[in-house]
Amino acid sequence: MAALVKSQMHSPYSLLSRIGNLLQTSQWSDCTFLVGESDSKQEFRAHRIILAACSPVFEAMCFGPLAEKGSISIPDMEPKAFQALLQYVYTDNVQFTSVEEACDVLYAAKKYMILNLCQMCHLYLKRNMQAKDVVAVYEFAKLLEEEALYEPCLLMLRKYALEVLNDATHHLSPSTVMELLASDALNGCECCLIEGALSWAIRECEERGLEPSIENQRFMLTNCSAWHQLRFLTLSQQQFMRISQIDGLLTQEEIGFLKEFLFKTSDDKRATQYSNMCNSSSCSGIAAFDEMGGNESNESNSNIVVVRDKWKRRRLNMVLIGVENSDETSDKWVESDSAMSTSLDSCFTLSVPPSISDIMRPRKEVGYRLSFCRRPLLKQSSIVAGPLDLEVALMVSAPIDLRAVQVYSRIFPPYAIQKSNTYSEKLEIEVLDETGKLLTYSHFNDKVEYNTEVMVHLNKFVRLTQDRTYRVIVKLMDSMTEYPLSFLGQFARSQDINFTFMDRAAKAGPGFVNRLDMGFIRGFAYS
């Protein structure tokens with residue numbers, strides 16, 4: 001007896017390993033599942049007692065009064081997802097390889113009421129979901145009524161509103177478009193959001209077999225109540241001119257009112273605090289705030305409309321609320337935040353055409369929390385002179401949005417006659433994927449201090465995904481200038497994310513060569 005106990009104590013397997021081995025070997029299995037459709041059906045052998053202990057649905061299937069005999073067919077599930085479900089049942093662990101697989105496993109876990117596995121799927125999707133996945137995940141979550149995924153998906157939809165509206169590979173449902181455009185916080189100017197909504201409407205017409213004419217595009221947006229979520233009253237003059245060039249989009253009545261409102265009140269120094277200007281170089285919304293005199297205002301609330309000239313203000317009030325309610329004695333007219341946050345039907349009953357939205361409140365930008373990853377400084381190595389290209393290869397263990405790059409500034413020249421501690425820095429930064437495709441760039445030209453570090457913000461943030469290699473290249477432009485180089489750590493950790501680095505420098509011919517002693521990029525800012 002003692003010898004038997006000793007043999008078990010030295011068993012190479014834990015309990016979960018031994019149970020998992022039963023799944024791999026199918027030893028003593030007493031039930032069979034045929035999973036998938038007819039052309040891709042796959043057989044799985046399992047043990048009733050183990051399945052029943054994990055799932056009340058399996059318990060009813062295996063031991064209930066209506067327990068099934070013989071092979072159990074499951075045509076509505078992917079074999080790979082069912083394999084992952086069995087792996088969790090037998091080993092209490094599961095490894096996902098993609099967002100799509102996690103969605104398939106979530107469907108299986110919900111069907112068989114395995115709540116812990118559902119939570120593992122939720123966690124994986126929240127951490128690994130990207131802009132290209134969010135549409136499919138959100139539509140899938142609504143189908144399964146997985147409320148735990150609603151808010152994370154909506155947040156990402158708002159962050160990448162322009163991308164998802166223009167994405168031809170993942171088509172939003174009409175209800176989701178309406179829900180998205182109804183949000184007070186979206187990244188992207190109203191001009192680009194209107195164009196993105198029309199891009200979606202074109203694909204919706206094609207899905208329904210209709211000609212994608214401008215009339216049908218507007219009909220599709222109106223039919224799902226998304227048209228009245230487009231905030232034409234928040235457009236700048238330049239943005240309105242761009243939208244009005246879309247032939248047939250607006251009626252003559254709508255164009256006439258918008259010209260009256262946007263142009264006359266703007267000429268009367270109407271200053272709207274735009275908190276969400278577009279980053280697109282093709283959009284006229286970039287300069288709209290300055291051109292409308294927005295820099296004159298110092299109000300902290302970004303949702304107010306200010307008109308400073310008393311007589312011009314009175315004329316605007318006549319447009320907004322009628323002559324009898326205009327105030328000639330106030331130094332300035334300010335629409336209260338509570339009034340701006342509600343529908344302005346009472347103000348525009350006679351003025352605003354009922355076919356367009358009366359919302360005057362500009363959308364806010366979806367905020368993000370900025371985090372920093374600084375590489376460990378091992379020791380200073382050398383000094384290098386420009387012009388020169390320096391690179392770091394970067395990998396991350398979880399998806400991030402790369403927003404800025406931190407580099408060294410120049411060394412103060414010992415031969416310098418001037419006593420200024422600042423100089424004009426010129427450099428370029430490029431971010432490429434592993435195939436060499438340019439993802440974003442930044443041209444930096446500003447005054448900085450000698451012997452310090454500079455944070456260079458990218459023109460557009462880049463979504464980095466896990467376990468892929470990205471290249472960040474810094475181009476030092478000026479000649480006869482000296483910069484410090486260092487031995488920097490190849491590994492760093494920030495916010496539970498692992499960063500892996502490899503420093504490189506341009507060689508005589510094309511390309512780069514690994515150089516651990518030529519570390520120039522000190523860190524990154526990301527969200």
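**View A. Phe372 faces Ala525 across a strand pair.** In this predicted model, Phe372 stands opposite Ala525 of strand 19. The two strands here are strand 7 (residues 371-374) and strand 19, joined by four bridges. They run antiparallel.

**View B. Gln406 faces Gly523 on strand 19.** Strand 19 also pairs with strand 10 (residues 400-408). The sense is antiparallel, and five bridges link the two. Within this pairing, Gln406 is placed opposite Gly523 of strand 19.

**View C. Strand 19 is enclosed.** Strand 19 covers residues 521-526. Six of its six residues are buried, so the rest of the structure largely encloses this strand. Its partners include strand 7, through four bridges, and strand 10, through five.

View D. The cysteine sulfur closest to that of Cys31 belongs to Cys62. Cys31 is buried, at 3% relative accessible area. A search of the whole structure returns zero disulfides.

**View E. Cys205 is buried.** The relative accessible area of Cys205 is 0%. This residue therefore falls under the 20% limit for buried.

**View F. Asp358 sits in a loop and is buried.** Asp358 belongs to the loop between helix 19 (345-348) and strand 7. Its relative accessibility is 11%, so Asp358 counts as buried. Gln229 lies 129 residues from Asp358 in sequence. In space, the C-alpha atoms of Asp358 and Gln229 are 9.2 Å apart.

Notes
Residues numbered from 1 in each chain as written. Predicted model: local features only at pLDDT ≥ 70, side-chain atom pairs only at ≥ 80, totals over all residues. Heavy atoms only, no water. Buried < 20%, exposed > 50% of the residue type's maximum accessible area, 1.4 Å probe, protein only. Pairing = 2+ DSSP bridges. Disulfide = S-S within 2.5 Å.
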